[in-house]
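This report describes selected features of one protein model. Please examine the sequence and the structure before reading further.

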Amino acid sequence: MPYPDPWPAGQRGAVSLTFDDGTPDQLRDGVPRLDARGLQGTFYLPTGGDWQQRLAPWATALATGHELGNHSVGHTCSENFANDPQPRGLESLTLADLEADLLECERRLTALFGPLPAHSFAYPCYQTDVGRGAGRQSYVPLVARHFVAGRGGGEAGFHNHPYHVDLHCVAGLTCQQLSGAEMIGLCERAARQGRWAVLVFHGLQVGRLGTALNEFEELLDYLADQRARLWCAPLATVAGHLREQRAAVGLT
Ligand SMILES: [Zn+2]
């Protein structure tokens, strides 16, 4: 038997706009443009360094309905990225190390913003394992214990299936250096497939990981125009909705 249509009435698919690393241009340039169109995104904030000073201004994004998510304190990625002869990356961490880091990030977010609404976690550098070789382990189960959802990276061409995606390892597609037309194409694919497109942004500028602001605006104009057929909502909101739809047909 086919699955019931999982999306709110009239919607053909879903889009979540996710932003990593809490860069100043996301708050300065991204949030006001989302607000102007009545759209909400998910912003993953790492809480290392001068976190109190750096992150306090994000209270304004919380106030206009954006999701603030956990991106760890240390933003630890693979040692394969490091030239340092004594790197301490994910290969050197245990699950207990990582759990302590994620919980400390939660403590800092709560200290800044008070208890946050249900929110998700984004895997730094899209990497989901600790250890190496025979000792390598996924930390997706750890994320599942503490968060309503988790966002990883993804394979181009495959948006998230509403009934099949692991809600603690939702696939994200990077929008670095994409044009407005390319990003709109990804959203249209979600509408055509009845799936959930999770777009990933870093800086809103031209750069290695960046997406140019004029291209981002073209995407936002499109999403505002298409709101009756394409549901644009924060990651934790869509994940919570899908959890209810899945429970109704006996799936987790
Ligand atoms: Zn990051």
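The model is predicted.

Helix H7 covers residues 213-225, which is 13 residues. From its first C-alpha to its last, H7 reaches 18 Å, close to the 18 Å expected at 1.5 Å a residue. Six positions of this helix may be considered together: Phe216, Leu219, Leu220, Tyr222, Leu223 and Ala224 are buried. The buried residues of H7 pack against S1 and H1, and also against helix H6 (180-193), strand S9 (196-201) and strand S10 (230-232).

**The zinc site**

The zinc ion is coordinated by Asp21 through OD, and by His71 and His75 through NE2, at 2.0 to 2.1 Å. Along the sequence, these donor residues follow the spacing D-x49-H-x3-H. Asp21 and His75 are 54 residues apart and link distant parts of the chain. Asp21 belongs to the loop between strand S1 (13-20) and helix H1 (24-36), whereas His75 belongs to the loop between strand S3 (67-70) and helix H4 (95-113).

The model contains one cavity of 30 Å³ or more. The space in the largest cavity is about 30 Å³.

Its lining consists of Ser72, Thr76, Leu90, Leu98, Asp101, Leu102, Pro124 and Tyr139. Of the residues lining the largest cavity, five are nonpolar, two are polar and one is charged.

Note on methods:
Residues are numbered from 1 along each chain as its sequence is written. This is a predicted model: local features need pLDDT of at least 70, side-chain atom pairs count only at pLDDT 80 or more; totals for chains, interfaces and linings use all residues. Side-chain values use heavy atoms; hydrogens and water are left out. Donors are N, O and S atoms within 2.8 Å of the metal (3.2 Å for Na, K and Ca); water is not among the atoms, so sites may look incomplete. Helices (H or I, at least four residues) and strands (E, at least two) are DSSP runs, numbered from the N terminus. The expected span of a helix is 1.5 Å times one less than its number of residues. Buried means under 20% relative accessible area, exposed over 50%, partly exposed in between (1.4 Å probe, protein chains only). Contact means heavy atoms within 4.5 Å. On a 1 Å grid over the protein atoms alone, a cavity is a set of points where a 1.4 Å probe fits but cannot get out, and a pocket is an open set with protein on both sides within 12 Å along at least five of seven lines; lining residues have an atom within 4 Å of a point. Grid points are joined across faces, edges and corners, and a volume is the space filled by probe spheres set on the points. Ala, Val, Leu, Ile, Met, Phe, Trp, Tyr, Cys and Pro count as nonpolar, Asp, Glu, Lys and Arg as charged, and the others, Gly among them, as polar.
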